[in-house]
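Q: I'm about to open this one for the first time. Could you walk me through it?
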Amino acid sequence: MTMKCSDVQELLAPYADGVLAEVEQQTAEEHISHCDSCRLRVEAQQSVAIALRSLKRSQRAEAPSDHVLREIRAQWNRMDVRPRRQLRTQLASVAALLLVCTFGVVWARLAVDRSFPANFIIENYKQIAASPLQPQYLTSDPANGAKWLRAKLHAPVPPVNMSLVNAKLVGVSVIRLHGIKSGQMLFNTPAGFAAVYVVPGRTAFRSLSTAQLDGNHFHALTDVGEPGLYAWSYNGLGFGVADTSASEAETCAVAAQRSTSMP
Ligand SMILES: [Zn+2]
């Protein structure tokens, strides 16, 4: 028996989701086995479902995009029951919606959280201080290290040179700080290891106090007996220098900021 497209329209969406009873599933299967138009609809719905799932996975707990996701699903369901719409138009609308949705997620992230992951940096620095791992890219040349990080982070990372305070670059790594792909430059100093962190796009320092060092502006996280962190933004990048103590971090931060802000 051959069914018309209009007879199976209502089965296509649940078929794509795999939630039909066996008899209806066979009906739908039989139809799409010889009807390209309906098969394409099913495939389109399935690819949208996959895209939605991966968006959902990637978006974590940010509230605005949840709303966007519900919207897109409702929109798709409305399209699905609307008869006589051209498949091509539907796919174009879905593609546009997905674009809006993806952009919305990205935008929501940028708008919601640009904060510098200071606490994660302190945790990372404590691990380094306790047992330093070998950097992923060993180099003593700040220009080389910056070039390697620029390629890995797709961000305009400048060389950081702290030779003025006798800090020598050991190597650089890409690490994740609170899920953010970041650069870590490891330096050997007379007082121990110091690390410079480069976090693209994270230039809000809300949780940190402000500090003037050597006439320049910094954001600081300093607790007695703990590693010290001084941070600043440059070129859309969040920078942080962590060292064994606040005073060591201060010395390195002044040198590091001076070297990055040179043309
Ligand atoms: Zn059909």
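Q: How much of the contacts in the protein chain with a separation of 6 or more comes from residues 24 or more positions apart?
A: Such residues account for 58% of those contacts, where two residues are in contact if their C-beta atoms, placed from the backbone, lie within 7 Å. Keep in mind that this is a predicted model, in which local features need pLDDT of at least 70 and side-chain atom pairs count only at pLDDT 80 or more, while totals for chains, interfaces and linings use all residues. Residues are numbered from 1 along each chain as its sequence is written.

Q: OK, and how many helices and strands are there?
A: The protein chain has eight of each, taken as DSSP runs numbered from the N terminus (helices are H or I, at least four residues; strands are E, at least two).

Q: What order do the strands take in the sheet?
A: The sheet is open and antiparallel, and its eight strands run in the order β1-β2-β3-β4-β8-β7-β6-β5, with two strands counted as paired if DSSP finds at least two bridges between them. At the edges are β1 (137–138) and β5 (209–213), each of which pairs on one side only.

Q: How many bridges join β7 and β8?
A: Strand β7 (residues 228–234) and strand β8 (residues 237–243) pair over seven bridges in the antiparallel sense, and A231 stands opposite G240 in β8.

Q: Which strands does α6 touch?
A: Helix α6 (residues 118–130) packs on the sheet and touches β2, β3, β4, β6, β7 and β8, with its direction at about 145 degrees to that of β4; such angles run from 0 to 180 degrees between N-to-C directions, and axes are lines fitted to C-alpha atoms, for helices over the stretch in contact.

Q: Switching topic, which residues have the most contacts inside the largest nonpolar core?
A: They are A195, V196, L229 and V241, in a core of 43 residues. A nonpolar core is a set of buried Ala, Val, Leu, Ile, Met, Phe, Trp, Tyr and Cys residues joined through C-beta atoms within 7 Å, and a residue is buried if 20 or more other C-beta atoms lie within 10 Å of its own. The largest share of this core, seven residues, comes from helix α8 (residues 246–261).

Q: And how do α1 and α2 sit relative to each other, parallel or perpendicular?
A: The axes of helix α1 (residues 5–17) and helix α2 (residues 22–32) come within 10 Å and cross at roughly 105 degrees, so the two are roughly perpendicular, a label for angles of 65 to 115 degrees. On the α1 side, V8, L11, L12 and Y15 make the contact.

Terms used: Buried ≥ 20, exposed ≤ 12 C-beta atoms within 10 Å, placed from the backbone. Parallel < 35°, antiparallel > 145°, perpendicular 65-115°, else oblique.
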